[in-house]
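Me: Could you walk me through this structure with a few questions and answers?

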Amino acid sequence: MKYPDNLRYTKTHEWVLLEDDGIVTVGISDYAQDALGDVVFVELPEVGEQVDAGEGVAAVESVKTASDIYAPVSGEIVEVNTDLTDQPELLNTEPYGGGWIFRIRPDNPADVEKLLEASAYREFAESQ
Amino acid sequence: MDYTPHTPQDVQAMLERVGAKSLLELFKDVPQPILDPQLKLDPPLSEAEFMRHLRELAAKNQSAAASFLGGGIRPHYVPAVVPALAARAEFLTAYTPYQPEASQGLLQAIFEYQTMISELTGLPVSNASMYDGSSALAEGVLLALRESGKMRVAISQGVHPEYRRVVRTYAEAVGAEVLTLPLVEGRTALELPEGVGAVVGQNPNFLGTVENLAPLAEAAHAAGALFVAVVDPISLAVLKAPGSYGADVAVGEGQPLGNAMAYGGPHFGFMAVRSELVRQLPGRLVSETTDVEGKRGYILTLQAREQYIRRAKAKSNITTNAQLTALMGAVYLAALGPQGLREVAVRSVANAHVLAERLSAIPGVRLLTPAPFFNEFVLELPKPAEEVRRALLAYGIHAATPVPAEYGPKGNLTQAHELARPEGNLTHLALFACTEQHTEADLEGLEAALREVLR
Amino acid sequence: MITDTDVTVDSPLIFEHSRPGRRGVLPPRAPEVDLAALLGAENLRSEPPKLPEVDELTLVRHYTNLSRRQIGIDVAFYPLGSCTMKYNPKVHEAAVQLFADLHPYQDPSTAQGALQVMYELQRDLGEITGMDAVTLQPAAGAHGELTGIMIIRAYHASRGEGEQRRVVLVPDSAHGSNPATASMAGYQVKEIPSGPDGEVNLEALRAELGPHVAAIMLTNPNTLGLFEERILEIARLTHQAGALLYYDGANLNAIMGMARPGDMGFDVVHLNLHKTFTVPHGGGGPGSGPVGVKARLAPFLPVPVVVKQGETYALDYDRPQSIGQVRSFFGNFGALLRAYAYIKMLGAEGIKKSAALAVLNANYLKELLKAEGFRVPYDRICMHEFVAQPPEGIKTLDVAKGLLEMGYHPPTVYFPLIVKEALMVEPTETESKETLEQFARAMGEVIRKDKEWLEHAPYSTPVRRLDEVQANRKPKLRWGG
């Protein structure tokens, strides 16, 4: 199970990357994709949508479960990963790469700092 | 008569094994004051006694098998092969095919059913069935509202009044507003209100008129709404498929397809949609797939839409639907084939046109349904329809379904929330339906009886 | 015609039996008519629907062979938890034939027998559940739930509390249809956690109750098969908060005739006639989901209600406070008739005895399975069903697939969600002691199989494990097209 150090995490198993342009990219962790099993569908949010931290904005379906994906920070959705429409399996094969889900322009970029660091998330995930 | 196999010795041995002294002790968690109440029920009957009692009750009914009653349910002939196959105990006594390895029979039958409904409606995706036509429509409307993100429904007055009431019940529960598009000379008016997310038309409409719904579908799309078509499955043997005139969702009542009228149920509803809407679809869906040996098989799919996974966020709460009656529909369609279904439709249409001509020639009777009409039509009678329906019974004829006054020339359009009861108070409007079962003699007989009744 | 060579086919589709011009059932001869003149050329379809063209014998063999690829109660023991797969008496199928040709719009004076059946069934279901008024209209359990919750909504609205009461509480062990129903009726859903004993946690309930709560939906016995011992207290707290108590009747079989939801304090109850009252499940319907209510909620029932005026039965539509209609006509009459037959033939004693033996069977099977090595997380006297787990290290899915190889339909798996690797077992009262013993031995045999065998079972079913991921990622929902 991988927990890249350059990312931040949430207790709802999203990972978050604050990019140089101030935009935040969001996906689900390796731990989360493993727990879900084969992902068969990703319901993406709408570009331009204003979202609040903790709000369910996307959903990931495997064969027998469906999980909401929560916005880790408040802001505006600026891009969604449309590759997932045809290749939902990217969430399983490349959770931290091609399997990213959406990008948010955060209202307050400093909010990212409040999220879990890799070590803390790892400890949390593995105690589940 | 109960159906328990336990001998007293069995009960004793089993109680010992579970560590209880009596059957009543098994209910020790139930608060004492409410345990084992007196029940006021009739004394139990043996099977023979029950069937005798039931025959006595059945004798108080009159068969409507040769009737001219319509309005969603019609006395089409049910070929013997349909109930014979559906009565196979393996189908009858199974539950939802959650375990596909042991349920290939039903799963394949559903896959075939989905294909047939797709062919009839001209839409690529059909679900496995809904409860009935009216609830299928209500779910179709909710689907359209979810997809469009709007909370207003515009429904043609040409849609069956009971269906409109069901839509109203469902829509109001989620806070959506239901508005009625009036019929003008038997056709749905095209002026859509602002902010609609779902537009509904019916073809043939409740008066029996074949409406060209393409302009309504176009208007719906221009307004950013989805178009939902309510269709009669028999008519689709000859009439344009809703998918070909812009319907996003097609729904209807399956009873005419090999289901006995059974005093209104159980039958099945069908629902088909455009491919892009598949994840909004309520209910079961079966997909073809392969097993570990590469063998073709069938399985329930996209279950994450459903309540037992998605819970509060499910697309619908529907669980048990109408699998066995939908299976009867599929057997019927396969038994008739495209030619047979066409012949049923054509003969029903031909009978209706002969009958309409005969009846509207009676003094005081006027044909209210504008042409072209399919196999049902509405007459304005010189007497109240309920009275006529009752008087015709003396001639052994069931006909003249009372139609709500809102459809009459002087009738005010009632908004969905004000709809009169379907039996229609003192309306002089009556609906007549023909099927392939009616003979020339039946048509003559009804004409003669109606002349007498209206004399 | 079978053209796809990538797959092995031993059950052709009806479409693959089709040959152009072949005919099955012939309807009465249709006259020559000019359809374009009668219906308008612009309204006609240019091509007929591609329906199968088969002769009647091919049709019969096709569906008969499909039925042989299907397990039902009449084939094998079917202990599917929460679904009450009890024997469906054959006399019920004979009974419905007597009422097949009635039209819902025929004059009610010509359907007095049918209306009497409905009237008496309304009364008898009210008596069995302890409710004052009953509607027979809902077409299935979930449909009944929706009707019941709409009635609750209408009740609160009539008291001016519609806007304020926006939340429906459900336990975390509830059937998925409960939260789905509440949100379909426009409510917010709040889950309340179960306590360590598997019952509703009273403290958690107290914390959630308030003037914003419209109702609590409970299944009793709950989905763990346990009777909520504190039900009277739950009812008191609920009513004190001005909320109503909703009874999900999925598990009524455990207590039918032995304890009445109405006496427990429930205000609204839906029944699943296809579970408790032996209407055949039909592969997933049609069912029937009547709803019973206490007197103060009766004005809100859907129309029509069957009433008796002197010696005549009639349909009453004149109910100004009604929620309206939830389906066309009067309900699934054929299903109602089967339930009527069941109640008339069992009577009060038969109903009580059936519930008691359903409970005895469940407890007996629980003991047998424990002896075979299964774990039972909430191990006390259960009601009509119980939740077990396979021994550590064995997956429930594999147990289910192994049971298919043994010829049984497996129990409900992975439900309720609050028990990991759950196997929810409901034997029902119509199974014999020997059947339960044979089944327990088969369960034991399955968990003693080696890992390799388990992971690949079943072997001799019409198909083996299917590619579900493929079916979900790229669903193929119709033939051809």
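Here is a short exchange about the model, starting with how to read it.

Reply: Happy to! This is a predicted model, where local features need pLDDT of at least 70, side-chain atom pairs count only at pLDDT 80 or more, and totals for chains, interfaces and linings use all residues. Residues are numbered from 1 along each chain as its sequence is written, with chains lettered from A and ligands numbered from 1 in the order in which they are written.

Me: Which element of chain C gives the most to the side that touches chain B?

Reply: Contact means C-beta atoms, placed from the backbone, within 7 Å. The contact takes 172 residues from chain C and 171 from chain B. On the chain C side, the most, 21 residues, come from helix 10 (residues 333–372).

Me: How many residues of helix 11 of chain C are buried?

Reply: Buried means 20 or more other C-beta atoms within 10 Å of a residue's own, with C-beta atoms placed from the backbone. The cover over the buried residues of this helix includes helix 12 (433–447) and helix 13 (451–456) of chain C. Helix 11 (residues 396–405) is largely enclosed by the rest of the structure, because its buried residues number eight of the ten.

Definitions and conventions. A residue is buried if 20 or more other C-beta atoms lie within 10 Å of its own, exposed if 12 or fewer, and partly exposed in between; C-beta atoms are placed from the backbone. Helices (H or I, at least four residues) and strands (E, at least two) are DSSP runs, numbered from the N terminus. Two residues are in contact if their C-beta atoms, placed from the backbone, lie within 7 Å.
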